[in-house]
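Subject: Structure handover

Hi,

Here is the structure I promised to pass on to you. Please have a look at it first, and then read my notes below.

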Amino acid sequence: MRTSEDTEMVREQYTTTTPGTSLERPKNEYVYKIGIYGWRKRCLYLFVLLLLIILVVNFSLTVWILKVMWFSPTGMGHLRVTKEGLRLEGESEFLFPLYAKEIHSRVDSSLLLQSTHNVTVNARNSNGEVTGRLNVGPKMVEFHGQQFQINSKDGKPLFTVDENEVVIGTDKLRVTGPEGALFEHSVETPLVKAEAFKQLRLESPTRSLSMDAPRGINIKAQAGNIEALSQMDIKLHSSDGVLLLDAETVRLPKLPEGTRGGSGISQGLYEICVCPDGKLYLSVAGVGSTCQEYSRVCQ
């Protein structure tokens, strides 16, 4: 008994062993295609084309940015990377804080720091704490620190300020203001001098004015007068020495006149008398002394 499988084998053998026959081989009913066809293929090509466009755009933008920002192997634009650090030429604007160990300009130009509000320079220690601050504002300049010092080009201190004192290291301090200088406390200096052809005035409106020196005080006016004005008393005291008035003429115009004595004719001459308490008065001169110990002026 033959099956369909045996019949197929016999047919196959017959067709292969009989040459010159025109019999057609049986077609296979199942055909499998390998690859991407139809809309999937078109989407793939479109995706590849989109990637190429994005790649070209990115490359063009990269070249444009490199050209605009002036990128080079040594830096970017006016910014150059050197062995000593960064070198920046021209004007630059910083929108955020700048941290640097040293900032200096070129040899042939000055360094300019400019801001629309203020310029603040901070110095910090290893813990990040601010130890010194310089704030340049539109109305004032502030400095916060333990000591502020200005030195000359030779390193000599010219001006030093701390919590205890202010030291001026120059040979001369010149005050040019019309109101002069105002000191709330004592001033220590070897010389106080006015400019040529100008007056020197020492004044204490509400308090006392005291001048002390271990070796002496010298007041000199080479081309003018010396005036000492006071609402109360003016005291000239010498503990160990004498009070010397050395002048061609000594005038005391407002001395009171004592009781006129009857001894002789004065001829317009007067005698200066001293009361026990040190008060001076005038007495008409005579042949002898006309000073009276118990004059009415001394009472």
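Two strands pair here if DSSP finds at least two bridges between them. Helices (H or I, at least four residues) and strands (E, at least two) are DSSP runs, numbered from the N terminus. Please keep in mind that this is a predicted model: local features need pLDDT of at least 70, and side-chain atom pairs count only at pLDDT 80 or more, while totals for chains, interfaces and linings use all residues. Residues are numbered from 1 along each chain as its sequence is written, and side-chain values use heavy atoms, with hydrogens and water left out.

Let me begin with the sheets. Arg124 has Val130 in β6 as its bridge partner.

Another open sheet has 4 strands, ordered β1-β2-β3-β4, again with antiparallel pairing. Here β1 (71-72) and β4 (86-88) stand at the edges with a single partner strand each, so one side of each is left without a neighbour in the sheet. Strand β2 (residues 75-76) pairs with strand β3 (residues 79-81) in the antiparallel sense through 2 bridges, and Met76 is opposite Leu79 in β3.

Now for the side chains. Rings of Phe, Tyr and Trp (its six-membered ring) pair if their centres lie within 6.5 Å; planes under 30 degrees apart count as stacked, over 60 as edge-to-face and the rest as tilted. That rule gives 1 aromatic pair. The partners are Phe143 and Phe148, tilted, at 5.0 Å centre to centre with 55° between the planes. Phe143 is partly exposed at 36% relative accessible area, and Phe148 is partly exposed at 30% (buried means under 20%, exposed over 50%, partly exposed in between; 1.4 Å probe, protein chains only).

Phe148 also touches Thr160, a residue of strand β9 (residues 157-161). Thr160 is buried, at 11% relative accessibility. Leaving aside residues up to four places away in sequence, its contacts (heavy atoms within 4.5 Å) include Gln147, Gln149, Glu165, Val166 and Val167.

Best wishes
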